[in-house]
Amino acid sequence: MLHTVSTSPFSSSSLSNCLRYSDPNSEILLIEDAVIAAIDSGEWQEALTLSGRRIYVLHDDVVARGLSREISEDFELVDIKGFVSLTEQHVTQMKW
């Protein structure tokens with residue numbers, strides 16, 4: 001299952017709930033303000049890494065927020081084409 005998180009973990013519990021309720025084999029795509037969770041050595045980076053889930057981060061949203069050099073190498077940056085590919089690969093999806 002693909003979980004798409006769009007809100008900052010500092011303003012909403014969406015990412016926390018996603019990690020709590022998603023299957024460990026799920027994949028998570030961080031978009032919009034949620035990309036802040038992927039900052040290297042940030043408050044959420046370790047939790048995401050230790051979750052065992054594969055984490056993707058939308059490159060355009062990273063650039064739009066001026067975080068290009070801040071994203072942890074633990075996560076895979078994807079462009080819009082990669083975003084579309086992820087949605088095509090997963091029959092079931094959950095938006096947080």
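Tutor: Start with a term. A polar contact is a pair of N or O atoms within 3.5 Å; within protein, one atom must be able to donate a hydrogen and the other to accept it, and residues adjacent in sequence count only if both atoms are side-chain atoms. This is a predicted model, so local features need pLDDT of at least 70 and side-chain atom pairs count only at pLDDT 80 or more, while totals for chains, interfaces and linings use all residues. Residues are numbered from 1 along each chain as its sequence is written, and side-chain values use heavy atoms, with hydrogens and water left out.

Now take serine 72. Its side chain makes a polar contact with the side chain of glutamine 45, at 3.4 Å. Serine 72 sits in the loop between α3 and β4. Helices (H or I, at least four residues) and strands (E, at least two) are DSSP runs, numbered from the N terminus. Is serine 72 buried or exposed? Its relative accessible area is 4%, so serine 72 is buried. Buried means under 20% relative accessible area, exposed means over 50%, and partly exposed lies in between (1.4 Å probe, protein chains only). Contact means heavy atoms within 4.5 Å. Not counting residues up to four places away in sequence, serine 72 touches Ala38, Ile39, Asp40 and Gln45.

Phenylalanine 75 belongs to the loop between α3 and β4 too. Phenylalanine 75 is buried, with a relative accessible area of 7%. Which residues does phenylalanine 75 contact, leaving aside neighbours within four places in sequence? They are Ala38, Gln45, Leu48, Thr49, Ile55 and Val57.

A salt bridge is a side-chain nitrogen of Lys or Arg within 4 Å of a carboxyl oxygen of Asp or Glu. By this rule there are three salt bridges. Arginine 54 forms one with glutamate 76, and the closest N and O atoms are 2.7 Å apart. Glutamate 76 is in strand β4 and arginine 54 in strand β3 (residues 54–58), so this pair links distant parts of the chain, 22 residues apart. Glutamate 76 is partly exposed at 33% relative accessibility. Arginine 54 is partly exposed as well, with a relative accessible area of 46%.

Next comes arginine 65. It forms a salt bridge with aspartate 33, with 2.9 Å between the closest N and O atoms. Why does this pair tie together parts that are 32 residues apart in sequence? Because arginine 65 lies in the loop between α3 (59–64) and β4 (76–78), and aspartate 33 in the loop between β2 (27–30) and α2 (45–50). Arginine 65 is partly exposed, at 34%. Aspartate 33 is partly exposed, at 41% relative accessibility.

Arginine 65 has another partner. Its side chain meets that of aspartate 61 in a salt bridge, at 3.8 Å from N to O. Is aspartate 61 buried or exposed? At 14% relative accessibility, aspartate 61 counts as buried. Together, Asp33, Asp61 and Arg65 are linked in a network of salt bridges.

Stay with the loop that holds aspartate 33, the one between β2 and α2. Glutamate 32 has its place there. Its phi is near 50°, a positive value in a residue other than glycine. Glutamate 32 is partly exposed, with a relative accessible area of 40%. Serine 41 lies in the loop between β2 and α2 as well. Its phi is near 65°, again a positive value in a residue other than glycine. Serine 41 is exposed, at 67% relative accessibility.

To close, look at what β2 joins. Two strands pair if DSSP finds at least two bridges between them. β1 and β2 run parallel and are joined by four bridges. Threonine 4 has leucine 29 in β2 as its bridge partner.
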